[in-house]
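Visitor: I would like to learn to read helix packing and a chain contact. Can you take me through an example?

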Amino acid sequence: MAKFTKKKKGELPPVSTASLPDIVFMLLFFFMTVTTMKDSELKVINELPYADQVQKLDKKDRIIYIYAGKPHERYRATYGSAAKVQLNDQLRDVKDVGAYILEERAGRRPEIQNVLTTALKVDKETNMGLISDIKQQLRDVNALKINYTTRVGEASQN
Amino acid sequence: MAKRAIPEVNAGSMADIAFLLLIFFLVTTTIETDSGINRKLPPAEDQVDPPIIKQKNIFQVVVNKNGQLLVEEQPMELKDLREAAMKFLDNGGGTGTDACSYCKGAKDPESSDNPTKAIISLQNDRETKYGTYIAVQNELVAAYNDLRNRYTLAKYPNANMNYVQMQEEYDDPQTEENVKDRLKKMLDDIKEAYPQKLSEAEPNKTN
């Protein structure tokens with residue numbers, strides 16, 4: 001009936017590509033689950049300091065991010081070289097922080113509106129004056145839970 | 001059927017290759033989670049009548065604009081700060097109602113009465129670098145964590161974990177509710193024994 005052994009010598013058999021889609025899909029799913037979406041482009045230099053007594057941050061929907069640091073070279077012409085605050089994807093002044101927090105808070109679900117944490121991602125070369133001003137703004141709008149986001153490592157490297 | 005002369009290549013090993021890739025990526029990539037030092041800011045309204053605190057219960061840390069430390073009016077290296085802070089917090093020099101039963105410090109009457117009364121005051125200059133500030137904060141938090149760890153191991157030896165591990169498990173969203181309740185009770189007790197009283201003064205504007 002069936003002829004299983006009908007080989008011709010010297011001819012290369014075609015490589016089966018049947019499982020290629022599976023591999024590609026697997027890779028795709030892998031990257032989909034592992035990577036996190038970047039929601040805003042960084043316009044400031046943002047080299048975080050090191051600390052080793054750290055706690056993990058809460059769930060992502062409960063966090064408001066504030067970036068601060070010197071603007072990147074390509075924005076220096078418009079914004080100058082002094083340290084700035086980045087809210088969402090705009091470089092702003094410190095005095096806009098309060099309004100931004102209120103706006104962000106209003107956009108969250110009502111049940112988590114009073115458990116929000118503000119994560120400060122500040123470049124380690126920034127002067128404390130700017131951070132104090134940010135903290136003052138946060139106190140004014142009663143956003144008292146803050147987190148100094150750091151990288152994990154020896155604090156003596158700062 | 002008869003015309004197909006060449007049998008297909010065995011694709012069974014494709015799965016192995018795919019798994020190899022999967023494992024390679026799993027091992028080499030790290031899933032980034034944000035972490036940092038949690039802090040609570042004081043409320044905006046100024047206290048009308050600030051409570052009177054004894055000078056000996058305040059541990060003053062000043063960071064100047066060059067990142068140098070002045071602790072209790074003495075210059076200090078960053079690496080010695082943790083030990084100095086622990087010595088101050090754990091002193092337990094109080095008597096009577098202020099006595100501290102779990103302190104293992106020197107009981108120096110010139111230093112803090114009780115960990116529940118001891119306050120660390122951190123003052124920085126407007127030109128202090130943020131990195132230095134975080135390093136100082138880190139050392140002070142480490143001092144509290146070390147003391148809390150010691151207290152936890154002494155008081156809850158059956159829990160088989162120290163304070164930091166407990167807090168981590170409590171914060172983990174996968175921990176079950178009944179475990180969380182049990183942990184919360186212990187954590188509250190630990191935090192009452194060694195409350196984190198870290199006051200951040202307004203930065204110095206003059207110099």
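This is a predicted model: local features need pLDDT of at least 70, side-chain atom pairs count only at pLDDT 80 or more; totals for chains, interfaces and linings use all residues.

Visitor: At what angle do helix H3 and helix H4 of chain A pack?

Guide: Helix H3 (residues 97-107) of chain A packs against helix H4 (residues 128-140) of chain A at about 45°. Their axes lie 8 Å apart. Angles from 65 to 115 degrees count as roughly perpendicular and those under 35 as roughly parallel, so H3(A) is oblique to H4(A). The crossing is right-handed.

Visitor: Which residues of H3(A) and H4(A) meet?

Guide: H3(A) brings A:Val97, A:Gly98 and A:Ile101. H4(A) answers with A:Ile134, A:Gln137, A:Leu138 and A:Asp140. By class, that contact has four nonpolar, two polar and one charged residues.

Visitor: How do I read a buried face on a helix?

Guide: An α-helix has 3.6 residues a turn, so residues three or four places apart point the same way. Now take helix H4 (residues 163-171) of chain B: its buried residues are B:Tyr163, B:Met166 and B:Gln167. Down the axis of H4(B) they fall within an arc of 95°, so they line one face.

Visitor: What do the buried residues of H4(B) pack against?

Guide: Their partners are strand E2 (55-56) of chain A, plus helix H3 (130-155) and helix H5 (177-193) of chain B.

Visitor: How many residues does each chain put into the contact?

Guide: Chain A puts in 50 residues and chain B 48. On the chain A side, H4(A) gives the most, with eight residues. By class, that side has 21 nonpolar, 15 polar and 14 charged residues.

How values were computed
Residues are numbered from 1 along each chain as its sequence is written. Chains are lettered from A and ligands numbered from 1 in the order in which they are written. Axes are lines fitted to C-alpha atoms, for helices over the stretch in contact, and angles run from 0 to 180 degrees between N-to-C directions. Helices (H or I, at least four residues) and strands (E, at least two) are DSSP runs, numbered from the N terminus. Angles under 35 degrees count as roughly parallel, over 145 as roughly antiparallel, 65 to 115 as roughly perpendicular and the rest as oblique. A crossing is left-handed if the near helix is turned anticlockwise from the far one by less than a right angle, and right-handed if clockwise. Two residues are in contact if their C-beta atoms, placed from the backbone, lie within 7 Å. Ala, Val, Leu, Ile, Met, Phe, Trp, Tyr, Cys and Pro count as nonpolar, Asp, Glu, Lys and Arg as charged, and the others, Gly among them, as polar. A residue is buried if 20 or more other C-beta atoms lie within 10 Å of its own, exposed if 12 or fewer, and partly exposed in between; C-beta atoms are placed from the backbone. The arc is that of the directions from the helix axis to the C-beta atoms.
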